[in-house]
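Please open the model in a viewer and keep the selection panel at hand.

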Amino acid sequence: MMKAIISALVVSLSVIILAGCSEAASSQVPKVGKTYQEKLDKAWDTAGKGEAPVFACATVVGTAVGMQSAGMGNKSEAVQAYEACYVDVFVHYANTFMKTGDHAKLDGSGPPRGCIELFKSYIVHTNSLGNFAKDFEIDPQALKKKILANFDEKASLCLPLISSM
């Protein structure tokens, strides 16, 4: 009996530790080329405060587009930096935003309180930065799908509203 309890505790702790590791990994700043990392770190920090990262990401994207237009730098690094800000930083923002305050609180039968603001941020982010996808030969619709596929449980409550556009 005691052996079974200890085994159950070990399994439970292992699951908790692994879940924590996977969440910690998903909350880590993506690593990109040296040219972009500092700017991406700032965008990530902005998103981690629950603030929309579109302006912070604009510096990353502007640098990537500028470097490519000038024929400078590594194209794969520029693409990686663009995608990291467009997708990963926005997902970090959405997940953080919906966990703060009462943004995930349900009001009657409608979406949670924070969904309208998250929806607006999503529109501004994807419209502002999505136009540059062509510069990297990326399908902006595929990037939008990546964003929505990576929302956590609370941010996913807003999917019906965001997906409706």
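Select residues 115–130, which form helix 5; helices here are DSSP runs of H or I with at least four residues, numbered from the N terminus. The 16 residues of helix 5 should span 22 Å at 1.5 Å a residue, and its end C-alpha atoms lie 21 Å apart, which agrees; the expected span is 1.5 Å times one less than the number of residues.

The model is predicted: local features need pLDDT of at least 70 and side-chain atom pairs pLDDT 80 or more, while totals for chains, interfaces and linings use all residues. Residues are numbered from 1 along each chain as its sequence is written, and side-chain values use heavy atoms, leaving out hydrogens and water.

Next, colour the buried residues of helix 5: Cys115, Leu118, Ser121, Tyr122, His125, Thr126, Leu129 and Gly130. Buried means under 20% relative accessible area (1.4 Å probe, protein chains only). Viewed down the axis of helix 5, these residues fall within an arc of 125° (directions from the helix axis to the C-beta atoms), so they line one face. They pack against helix 3 (54–69), helix 4 (75–99), helix 6 (140–149) and helix 8 (159–163), with contact meaning heavy atoms within 4.5 Å.

Now select Cys115 and Cys158, which a disulfide joins, S to S 2.0 Å; a disulfide is a pair of cysteine sulfur atoms within 2.5 Å. Cys115 lies in helix 5 and Cys158 in the loop between helix 7 (153–156) and helix 8, so the pair ties together parts 43 residues apart in sequence.

Finally, select Cys57 and Cys85, joined by a disulfide with S to S 2.3 Å. Both Cys57 and Cys85 are buried.

Note on methods: Helix = DSSP H or I, 4+ residues; strand = E, 2+ residues; numbered from the N terminus. Buried < 20%, exposed > 50% of the residue type's maximum accessible area, 1.4 Å probe, protein only.
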